[in-house]
Amino acid sequence: MLKTAENTDLSQVSLTGVRAIVLMTLLIEAPRSLEDIREYFIKLKIMEPEHSDDILRIDLNTLKSIGCEITRAGAKTNYKYKLLKHPFALKLNKEEIVILQKAYKRIKNRSGIELILRYDALFKKLAEYVDNDEVREMLYGISILKNHNIDFIKELIEDCTRNRILTLMYKNPSAKEASEKNIAAQKVVVQNDNIYLYGFDFGKKQSVVLNLKRIKSIIARFAGAGNIETETTNVRFVLKNPDIVDIGENEQIIETNENGTIIEGKYYNEFFAAQRILSFGSNCTVIEPEDFKQLIIQKLKNMRDVYNG
């Protein structure tokens with residue numbers, strides 16, 4: 001945070017140093033014209049209004065002398081000075097980025113959307129300060145939110161917090177065009193690297209899961225009437241080797257016996273329940289309910305038919 005200086009506390013030598021530090025900060029944030037720099041310096045009382053722009057040019061040369069690369073302020077740069085490189089940039093190599101990628105891959109599977117947003121912001125901030133273009137692109141590519149509109153996600157989180165009802169346009173995979181839906185927003189979640197909105201569809205009168213990438217627009221937002229109770233899909237199953245999987249917060253270990261570990265999961269809907277059970281592969285056996293067990297059997301038969309041609 002830059003604060004206004006008191007001239008009585010500054011010598012001419014210290015003023016030169018302060019201006020250099022402030023100028024570096026300004027150029028790291030964005031390209032600046034001489035007028036931009038002058039305005040900031042005067043506002044912070046580290047330059048007098050009657051002083052010449054030659055002081056600013058001397059300050060620019062001071063930064064160049066310590067290793068900063070700064071463009072000329074010409075037509076190509078909209079008459080602004082742009083900082084291309086400075087000696088205080090972060091020194092990260094590809095091997096270190098790979099370690100970050102591996103750590104993030106493990107962490108993201110156990111993280112909620114709020115933490116995922118924080119990591120996204122962290123990677124972007126680190127990318128701003130590295131001195132290697134290839135490493136910068138690697139940092140930008142780590143987050144699963146790299147192709148999402150972050151502001152839109154934050155708006156939906158706020159909608160869920162305030163129990164709002166949304167009128168939105170949604171494009172189902174099988175539909176030719178987007179259709180209008182009235183949804184009670186309940187929760188934004190991360191599932192298999194995708195971002196979903198959990199909600200209650202007033203048209204279908206049932207809970208739904210909407211992929212954020214298929215929400216084309218929000219037409220209107222209305223105050224909700226409180227949380228709408230929705231029934232979860234509860235499944236009890238056995239894991240032969242529970243140590244090779246991460247137990248989710250919506251899953252509870254019931255008991256362990258000679259056949260394995262019995263777990264009860266409570267899932268938002270049948271789709272996510274089936275997706276979760278199938279992800280365990282042969283390590284999992286469904287115990288109940290019977291109708292869900294038959295659903296999984298049928299899905300496995302369909303998969304077998306597809307792969308067998």
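## Basis of the model

Residues are numbered from 1 along each chain as its sequence is written, and side-chain values use heavy atoms, with hydrogens and water left out. In this predicted model, local features need pLDDT of at least 70 and side-chain atom pairs count only at pLDDT 80 or more, while totals for chains, interfaces and linings use all residues.

## The largest pocket

The largest pocket holds about 1,300 Å³ of space. A pocket is an open set of points on a 1 Å grid over the protein atoms alone, where a 1.4 Å probe fits, with protein on both sides within 12 Å along at least five of seven lines; lining residues have an atom within 4 Å of a point. A volume is the space filled by probe spheres set on the points, which are joined across faces, edges and corners.

Its lining comprises 37 residues, and Asn109, Val190, Gln191, Gly248 and Asn250 lie nearest the centre. Strand E4 (179-191) is among the elements supplying at least two lining residues, and E4 gives the largest share, six residues. Helices (H or I, at least four residues) and strands (E, at least two) are DSSP runs, numbered from the N terminus.

By class, this lining has 15 nonpolar, twelve polar and ten charged residues. Ala, Val, Leu, Ile, Met, Phe, Trp, Tyr, Cys and Pro count as nonpolar, Asp, Glu, Lys and Arg as charged, and the others, Gly among them, as polar.

## The second largest pocket

The second largest pocket has a volume of about 470 Å³. Of its 17 lining residues, Leu83, Leu84, His86, Glu128 and Arg136 lie nearest the centre. The lining divides into nine nonpolar, one polar and seven charged residues.

## Backbone features

Most residues other than glycine have a negative phi, and most peptide bonds are trans. A cis peptide bond, with omega about 5 degrees, joins glutamate 288 and proline 289. Proline 289 lies in the loop between strand E11 (284-288) and helix H9 (290-308).

Tyrosine 79 has a positive phi, near 60 degrees, and counts as exposed at 54% relative accessibility. Asparagine 192 has a positive phi of about 50 degrees; this residue is found in the loop between E4 and strand E5 (194-201).

Notes
Buried means under 20% relative accessible area, exposed over 50%, partly exposed in between (1.4 Å probe, protein chains only).
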